[in-house]
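Welcome, and thanks for taking a look. Please have the structure open beside you, and we will walk through it one region at a time.

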Amino acid sequence: MTAQIARVDLPTEGTVRRWIRETDQPLFLYVSFAVLISAFSLATPIFLTASNLLNIANQTALVTIMAMGVAFVIITAEIDLSVGSTLALSGVCAALFMRDAINNWLLAAIVAIAVGAMVGAVNGVLAVRIRIPSFLVTLGTLSMARGITLLVTGTSPVLVNNETFWSVFAEGTFIGIAAPILWTVLVVAIAWAVLHYGIFGRQLYATGGNIDAARFSGINTRRVKTVAFIVSGALAGLAGTIVAARGHAIRPDVGAGVELDVIAAVILGGVSLFGGKGKIYGVILGSLIIGILNNGLVLLGVDPSIQLTIKGFLIVVAVAFAKR
Amino acid sequence: MCPNNRSEFQAMGAQVTESEPLISMTGIVKRFGTVVALRGVDFELMPGEVHGLLGQNGAGKTTLIKVLAGIEAADAGEFRIAGERVHLSGVADSKARGISVVHQSLSLVPTLTVADNIFLGSESVRAGHLLDRRRMEVRAAEVLEHYGIPLRPSQPVSTLTFAYRQLLEIAKALAADSRVLILDEPTSSLTKAEEPILFGAVREVSRRGIGVIYVSHRLSEIMELTDRVTVFRDGANVGSFGTSQTSIPELVESIVGSRLDKLDTNRAGSRTEGDPKPEVLSLRDVHSPGVHGACLAVAAGDVVGLVGTTGSGRTEILETIFGARPIRRGFVTYRGESFAPRSIHDAIAKGIKLVPEDRHRWGLVLGHSIERNIAMANLPRWRRWRFLFRGDESRSGAEGVRQRLKIKAPSIDVRVEDLSGGNQQKVVIGKWLDGGTELLLLDEPTAGVDVGARADIYRIILQLADEGKAVVVSSSDYDELLQLCSSFVFIADGRVSSPIDRADVVDERDLHRRLEEARKEFSR
C-alpha cells in the first residue's frame, strides 16, 4: 500500500533559525539577555567593567548553584519551592556546629550539605511516595525549615568564627577569581556532565517527559524524582555554607524569597515546567539574567519593591513564552 | 417481544423512508497528522431507526461519533442534519441541532431528583430566582411518559441503579429536544439482568421517531436491537446491512475483513513439529488485579495469541507478567525458575519486555527523539563507569533499530511526535529489539497502524520468534492473530482457556466461535 511519509521539516530554513530550534531554547532567552546587557551598559558606565562583571558572577553564585538543583527537579516535572528556607537552615546548622561543637570548616560544610539533602529527602518522600503534589510539599517544608531555623537560633544571627571557612567558601581567590565563583563552576560542571553525559540525566528527562512510559521502560521513576529533590536540597545546603562564610555570620531570615530568583532563572533558562526539557547552559544564562537584573537595578538605584515587581513580571512573561 | 417490535417498525417503514434522513454524511474524511481516521465515509440515519455501528478498535467508529458530536471537524465531505448542510462549530452547536451523545451517567448529580437532573442548567424559574419545582416535575413527567421511560420525576438519583441512570441520561437528552441519540458501548457497565431495561427504553424512544446510533462490540446485542448495521474497517464504511438480512458470521467477516497481504500462515504447522522447545514462561492459577486464575505456557519460538474482547483481561495478564500488577496468588515459572516480578524494572532486567496497548501513554516520550526513546529502555546497556552514558553506542544502536524496522524518518534525532502512527509503533517495538529480550509481550501491536507498517511489524515479530524468543500477542484483530500465532488461548473475565493449536483453527469465524464458547464456559 502507500508508503508512510514522516512529517519532518526539511532543512530549508536558515542556519540561525535552525540553531534556535535545535537548541531547544526559547529565542526569548537570548533576546532578553542581549537587551539587558545593552540597556544597562548604556544606562550606567560602571556596568560593563571587569570588576562589576565579576561582582555579578559572585552575587549570582548562590542563585546559579541552587538553580542547578531546582532544574533537576523541574525537569522531572516537579517543583521545589523550599530552597530559600533550606539554605537558611543548612547555613545556620553549619554556623551552630562550628560555634557549639567542632570548629572545623570541612565538617561544618558537610553538616550544611547533609541538612540540605535531608530536607530534599523529606520533600522527595512526601511528594513521590505519599504522592502529595510537590508544590504543596515544598511549600510546607519552606515554612517548616524556616520555622526550625528561627527556633534553633532564637531568631538572632549566629556568628561564624573560622577563618578557613570564610576563605574556602567566600573570601579566598584562585587566579584572581573569588571562591563562590569557583564553587559555582564546579557545580555547573558536574550538573552538566550528569545531565548531558550521565545515565541519571537520561532518567531525569525520560521521567519528566512521560512518567508512565519511563516506568514501562524500566526506569525507577520514584527513585529518580527523590534523588532530584535530594540534589536540590544538598545544593541549597552548599549555598547556605557560602552565605554563612560571606557575612562571617548568618541571620535566620536569610534567603527568604530567593526561591523566586532561582525558579525564575530555571524557567527563563528554557526548562519546561511540564518536564522533560531543558539544558544546563540555558539555566546558566537564566541565572545570569537574574543576576544582571538584580545588579543593574541596584546600580540604577531602583527601589527594591519595584525590583520585586519586575522580577515577578519577568517570570510570568518567561513562562508564557516557554509554554508549548 | 423482539419480532413484534420489528414488524411494528416495518409498518412505520413506509412513512419513514419517505421522510428525510436525520443525518446524512457523504465522503467524510478526517485526518490526524498523517493518520487517516476516516477515508471518505458515507453514513445515514433515518428517524425512528436504531442504527448499529460495528468495527474493531481504531476502525473509525469513535472518530465518526466525534464528528457527529462536534468534537472534531471533518476535513472533507458533506454533512447534513435534517437535510440542511452544516459545519458544526463545536459540541454546543451539535447539541443545538438535536444530536446528543449519551454518557454513562457521568453528568448526573446523585443528590438531586430525576426532574432536577433532567432540567439541570435549564431550570424553570418563577419570580426571579426561585425554582418552579412543580412545573419542572410536570414537564419531566411529560417527557418521561411521552418517550415511555420508566422513571418517576421525584425519585432521587442516588436510589437508581446504573441502568436507570442511563435511562435518565437518555431522558435528559430528549428533554433538550434531541432528535439523534448516540449510545457508545452503553451495556459495557451494565449487568446482564439490567440490559433489558436499556433495550426496552431504546425501542420505545426509536418508536417515537428518534434516531439512535448504537455502538457496541456485542454482536448478539446488535442483532437483537438494531434495524440497520454499518460496519467500519480501517477508517472506511465497508457496508450497511438491514439487520434482518444479515447474520453474525457475515458481520464478523466484514468486521475483520480479509487482507490481501497475507503472510505465510502455514508456518504454524511446521513450528509444532520437531524437538519440543524449552518452556520460557508458565503461569499456574495466577491472580492479580483484573486476573482471576490465569494459566498460560509459552515456549521459545512460540507466538501465543490472547483472544478476547476489550476488557476481558488480556492487557491485565500481560501487565502482570511484566511486573506492573502485583501477583496475589499463583505460580509463575520463568526459564525454569520460580519467578514473581516485583517491579517492571525486575521483569525487564530478566528479559521480559512489553509493547503496551496505548503507545502515547505508556510507550513513548512524544517530545523526545527516536534515539532518546530507544535509549530510555536500554540505559543499563549503555552504562559506563557506573554513572556515564555511552552516547555514541546508543546512537549506533538506535540507528541499527531504525534500519532493521524500516522506521521512515530522516534521522534518529527526529522527535517521535513528528512520526506517523506506524513509525511510532516501530519505535516502541525498537526499544526492545536488542538487549537480552527473551519474552516479548505485545498488546494490540498494530492499533492505528497503516497496512505497510503493519507488514513490517509482523515480519519483525515472526523473525524474533524464529530467533527463539517467546512471544505473546494480545489483539482484537482476528486476522492479525491468525497470521502471527502458533497457538491461541481464549480470555474472558480475567480467566484463560486451555490452548489450541493454530492448525486446528479454520478462520476468523472459527476463532470467534471458539471465543464465544470459552466465554460461555467461564460464565457457567
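Let us begin with one side chain: Arg228(B) is partly exposed, because its relative accessibility is 21%. A reminder before going further: this is a predicted model. The side chain of Arg228(B) meets that of Glu44(B) in a salt bridge, with 3.5 Å from N to O. Glu44(B) is partly exposed as well, at a relative accessible area of 34%. Arg228(B) belongs to strand 11 (residues 228-233) of chain B and Glu44(B) to strand 2 (residues 35-45) of chain B, so this pair ties together parts that lie 184 residues apart in sequence.

**Other salt bridges**

Over all chains, the count of salt bridges comes to 34.

| Salt bridge | N to O distance | Relative accessibility |
|---|---|---|
| Arg228(B) and Glu44(B) | 3.5 Å | Arg228(B) 21%, Glu44(B) 34% |
| Arg415(B) and Glu417(B) | 3.9 Å | Arg415(B) 30%, Glu417(B) 27% |
| Arg459(B) and Asp456(B) | 3.8 Å | Arg459(B) 27%, Asp456(B) 11% |

Where do Arg459(B) and Asp456(B) lie? Both are in helix 17 of chain B, three residues apart, or about one turn of the helix. Is Asp456(B) buried or exposed? With a relative accessibility of 11%, Asp456(B) counts as buried, while Arg459(B), at 27%, is partly exposed. Elsewhere, Asp510(B), Arg513(B), Arg514(B) and Glu517(B) are joined into one network by salt bridges that share partners.

**A buried histidine**

Helix 19 (residues 508-523) of chain B holds His512(B). This histidine counts as buried, because its relative accessibility is 14% and the cut-off for buried is under 20%. Setting aside neighbours within four places in sequence, His512(B) is in contact with Leu219(B), Val252(B) and Tyr478(B).

**The fold of chain B**

Stepping back, chain B has 19 helices and 25 strands. Of its 524 residues, 54% are buried. Among the contacts in chain B with a separation of 6 or more, 67% are between residues 24 or more positions apart.

One open sheet in chain B is built from four strands in the order 14-13-16-17, with antiparallel pairing. Strand 14 (291-299) and strand 17 (337-338) of chain B are at its edges, each with a single partner strand, so one side of each has no neighbour in the sheet. Strand 13 (residues 279-288) and strand 16 (residues 329-334) of chain B run antiparallel and are joined by five bridges. Follow Ser282(B) across and you will find it opposite Thr333(B) in strand 16 of chain B.

**Where the chains meet**

The size of an interface is often given as the accessible area lost when the parts come together. Chain B and chain A bury about 3000 Å² between them, with 56% of it on carbon and sulfur atoms. Chain B contributes 44 residues to the contact and chain A contributes 28 residues.

How many salt bridges cross the interface of chain B and chain A? There are two. One of them pairs Asp212(A) with Arg361(B), whose closest N and O atoms are 3.0 Å apart. Ten residue pairs, both members at pLDDT 80 or more, are in polar contact across this interface. On the chain B side, the elements that each supply at least two residues include helix 13 (359-363), helix 16 (421-430) and helix 17 (451-466). By class, that side has 24 nonpolar, nine polar and eleven charged residues.

How values were computed
Residues are numbered from 1 along each chain as its sequence is written. Chains are lettered from A and ligands numbered from 1 in the order in which they are written. This is a predicted model: local features need pLDDT of at least 70, side-chain atom pairs count only at pLDDT 80 or more; totals for chains, interfaces and linings use all residues. Side-chain values use heavy atoms; hydrogens and water are left out. Contact means heavy atoms within 4.5 Å. Buried area is the accessible area (1.4 Å probe) that two parts lose on being put together, summed over both. A salt bridge is a side-chain nitrogen of Lys or Arg within 4 Å of a carboxyl oxygen of Asp or Glu. A polar contact is a pair of N or O atoms within 3.5 Å; within protein, one must be able to donate a hydrogen and the other to accept it, and residues adjacent in sequence count only if both atoms are side-chain atoms. Ala, Val, Leu, Ile, Met, Phe, Trp, Tyr, Cys and Pro count as nonpolar, Asp, Glu, Lys and Arg as charged, and the others, Gly among them, as polar. Buried means under 20% relative accessible area, exposed over 50%, partly exposed in between (1.4 Å probe, protein chains only). Two strands pair if DSSP finds at least two bridges between them.
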